[in-house]
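Please look through the sequence and the model first, then read the notes by topic.

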Amino acid sequence: MTDTHPMDAPSMDRLATDVPPADMGRRPVVVLTHRVHRPILDMLSTSCEVIANQSDESLPPSELRRRAAGADGLMAFMPDRITAEFLDECPRLQVVAGALKGHDNIDVDACTERGIWVTRVEDLLTEPTAELAAGLLIGLARNIPAGDRSVRAGRAGWRPTLYGTTLVGSTIGLVGAGRLGRAVARLLRGFEATILCSDPAPVSSAGEEGPEMERVELSELLERSDSVVVCAPLNAHTLHLLDRRRLESMRPGSLLVNVGRGSVVDESAVAELLRCGHLGGFAADVFEFEDLSRSDRPAGVPEDLVAMPDRTLLTPHLGSAVASARIQIEEHAARAILQVLAREVPDGAVNRPPRTGSAVPTPAV
Ligand SMILES: O=CC(=O)O
């Protein structure tokens, strides 16, 4: 493993597939854009030259481009934007393995056109993210952050303040009833809540029936729910799905939680509707500014949301931030890289690049 550019110090004992003859003997180079656990480095270092970023921060774009220029494999994370222009500077690249599920930050078509596999992690993020969604909803409904601030400010002990709302017996609407939505529904079942869901795809699209949920149109879900949890990915159909008009149609005082993608919700409209009291609270783990596929995304979390700590509960994309889950996610991505380098169909493939040859079967996408 090295922190230097591979071209500075190539170490050679194993061939990558598809490596031009001039590079015979060169070990494939794998660039990891963000920190991974030690066993993942060991797993890759056995056969590859690994260029890691073991810091807490993303690399400056120019440094990432410099590192990726000689890469055969790239492990990409949420803050990475993989565009056609980026790929054009990576002539050797065979695989972008996402240590993520929602891959809206990766231009899959551009990868396919260049013969590059894209993989993602299908299911390892579901349960941790559902757990966080339940936590955010409870935290918001029961004023847990405000209570915490109160104790730290010396105001411990009972007072007739911070009365919240209960989930027990309430109506909870899930926008998105894929794996994540169904996992959230399973966790919330214990509250004896009526669970509504809205999703253009069949509820059992992934082959598993979810817990009992009443499937309704989005308009009905918003009108009936005491709280709404966004569990939807970002795509052309979900961009600002919850726009001002739809947010205004939510029940007065209702709560909104977003663990899907920031841009499914119009955050500025949320801030205004919180200020005027129409919405009772907003919790989010994902924000519009993170959605790198949008050239018009905001620069950060709207200040208005940050400035309302009693009505908002905000976390920094912690959905999958469970150590045991993260190791599995990284392992999945590392395995996909090794599979491509061994000319196998990688786990979690979302495309079928033509360059990989007819011997490779078409993956189920
Ligand atoms: O939000 C995280 C992911 O989709 O990987």
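Where is the place of N143? N143 sits in the loop that lies between α5 (126-141) and α6 (144-152). This is a predicted model, in which local features need pLDDT of at least 70, side-chain atom pairs count only at pLDDT 80 or more, and totals for chains, interfaces and linings use all residues. Residues are numbered from 1 along each chain as its sequence is written, and side-chain values use heavy atoms, with hydrogens and water left out.

**Overall**

- The protein has 12 helices and 12 strands; these are DSSP runs (helices H or I, at least four residues; strands E, at least two), numbered from the N terminus.
- Of the 365 residues in the protein, 52% are buried, where buried means under 20% relative accessible area, exposed over 50%, and partly exposed in between (1.4 Å probe, protein chains only).
- Among contacts (heavy atoms within 4.5 Å) between residues at least 6 apart in sequence, 62% join residues at least 24 apart.
- The protein exposes about 16400 Å², and carbon and sulfur atoms supply 53% of it; accessible areas come from the Shrake-Rupley method with a 1.4 Å probe, and for residues only the protein chains shown count as cover.

**N143**

- N143 is buried, with a relative accessible area of 17%.
- Apart from neighbours within four places in sequence, N143 is in contact with L162, Y163, G164 and D310.
- N143 and F287 are 144 residues apart along the chain, and their C-alpha atoms are separated by 21 Å.

**Aromatic pair**

- The structure holds 1 aromatic pair.
- The rings of F287 and F289 have centres 6.4 Å apart and planes at 25°, so the pair is stacked; rings of Phe, Tyr and Trp (its six-membered ring) pair if their centres lie within 6.5 Å, and planes under 30 degrees apart count as stacked, over 60 as edge-to-face and the rest as tilted.
- F287 counts as buried because its relative accessibility is 5%, whereas F289, at 31%, counts as partly exposed.

**Ligand**

- M78, L100, K101, G102, L125, R261 and H317 surround the ligand, each with a heavy atom within 4 Å of it.
- A backbone N or O atom of K101 lies 2.6 Å from an oxygen atom of the ligand.
- The protein covers 86% of the 190 Å² of accessible area that the ligand has on its own.

Methods. A polar contact is a pair of N or O atoms within 3.5 Å; within protein, one must be able to donate a hydrogen and the other to accept it, and residues adjacent in sequence count only if both atoms are side-chain atoms.
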